[in-house]
Amino acid sequence: MKMFFTHYKNWLLPAVLILFILQAVTFPFALGQSWAESDSPDYLLTYTKGRLAWSSGTVVDEAGAAQFSLFDSEYKNANGDTTVTSNNDVVAPGTDNDKMVRLYNRVSGSVTYKAVLYQLQASIHDDMEDENGKIDMADKLNTEMRLLHADEGKGYVKDDNPFLPKGVKPEQVIKAVTGRLQGGQYQDFDISWLWKFEDEDPDDPGMKERNDQIDTLLGSLAAQAAEGEIPNTTVGLYIVVEDNNSYTTPESPATRDNGVGTYLALMAVCGGVLLILQWEKRKASKCGE
Amino acid sequence: MKKNRTLRVSALLLALTLITTCFVGGTFAKYTTSASDDVTARVAKWGFKTTTITLDNLFSKTYVKTDSRYTEGANTVESTVNVVAPGTEGEVTFDFAYDTTNNGATAPEVAYNFAISTDGSSTDIGALDAELKWSLDDKDYDLNWAGLLAEIKALSGDNSGSKNYAPGNLPDNFNQDSNEHTIRWQWVFEDTNGTVKDNNAADTALGNADTLQNVTLEISITATQVD
């Protein structure tokens, strides 16, 4: 081993040093596309040839629909005071949230996408009814989807025939759009919801009181109903990409890391070899003295 | 020579391996499909029961005798309307409950304002104030009319009659341990504490007045979510 290092020391050390520098320089590219911090999406869906994948950590169901964290167990007001707190993700009058999902086309050619936002109401309690009929949670949560950096009619159009995940009915669709993405481009979808604290209409004097009564009814049911009957709602986003007439539905992300750990380990090996070579070189120099 | 060639090949393979790691990056990822629950949120718990505070039993049209020597009838006071008179007394209990049935909710999950108001109650009961003694939640009749109204408002948790509570908390005086409150009043028949029984003149004057004194008590309790 000593003879090996002695014989090859002149070119081995510089070669390993160059390799280590190359690894360090290309490290960001090993992570994938990076975004400016102010423009970073909450969730990233990347299309590569014949494959759609959510970024690590995104939870999806069997149909491939993203189950992102739109709801929370704690909400604060503008003063920073906690106004809602629970052991579960909840919604209440005065609460709201928004998340940005980015669809990134990583291939060189253009692709067509279809995106659908839907809302389900799993619990319909018999008492969830006012004088106008059954109360629909979709009416309480003003859920919306806006396409950022794109104008309707230019960047996207309404999709009259959306792909729907299993179990989702057309009447549960909030918004369905379709558009085209050039190679290397991305489209942002801003998903937001709001449960108005006060919902009133100057042309309808009784609206505020009716909404207060509905809100109070929902809150009381939540406190008094059995666990499986508490009013609740589900929101989901489903995106499909069409490339060369073949459809690819989103896959769940890797359950292991994306190779960053392995990459860093190899950098450590390279760095270790570098140190050993440098140490051998010093040792040889001292012997030479 | 053979040994050196082996070493050279090994070194070259090592170098090639290290070179390819620079361009591999995420290809070590392994994709699997996983099932997961839907992203669901339930409505935050409220839970204050719709409560109607009834004080109807505080006063009465008739009062039962307390002196067994009186044998003319069962009642010593009879009227067609609710009245108060020397020797009479009454009480009423009210509450503002939080429903904890079924799913074990212990407090609202939202911030709220808890307010107790006595608006609509008599602001001045005149000479009657000196005769009627009040108590709230204890047996000592040590409150006058203004004191009673102030104590009732203070049940909100603040002397102003209004207090904000953070999520997860019940009102200070309407919680699981203490939810009911009792108001008592008494018109002493004979003031035996003083050296002179001089309340008789005052009592008589009240009973003979051209315009009889009234006392009205109204209590309103409201819990309202705050944004």
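A:L237 counts as buried because its relative accessibility is 0%, where buried denotes under 20% relative accessible area, exposed over 50% and partly exposed in between (1.4 Å probe, protein chains only). The structure is a predicted model, in which local features need pLDDT of at least 70 and side-chain atom pairs count only at pLDDT 80 or more, while totals for chains, interfaces and linings use all residues. Residues are numbered from 1 along each chain as its sequence is written, chains are lettered from A and ligands numbered from 1 in the order in which they are written, and side-chain values use heavy atoms, with hydrogens and water left out.

A:L237 belongs to strand β13 of chain A, residues 232-243; helices (H or I, at least four residues) and strands (E, at least two) are DSSP runs, numbered from the N terminus. A:V101 is 136 residues from A:L237 in sequence, and the C-alpha to C-alpha separation in space is 9.1 Å.

In chain B, three strands form an open sheet in the order β7-β5-β9, with antiparallel pairing; two strands pair if DSSP finds at least two bridges between them. Strands β7 (162-165) and β9 (220-225) of chain B are the edge strands, each pairing on one side only. From one strand to the next, the twist averages 15 degrees, with axes being lines fitted to C-alpha atoms, for helices over the stretch in contact, and angles running from 0 to 180 degrees between N-to-C directions. Strand β5 (residues 112-117) of chain B is joined to the antiparallel β9(B) by six bridges, and B:F114 stands opposite B:A223 of β9(B).

Helix α3 of chain B (residues 145-154) has B:W145, B:G147, B:L148, B:L149 and B:I152 buried. The buried residues of α3(B) pack against β5, α2 (128-131), β6 (132-136) and β8 (180-187) of chain B, contact being heavy atoms within 4.5 Å.
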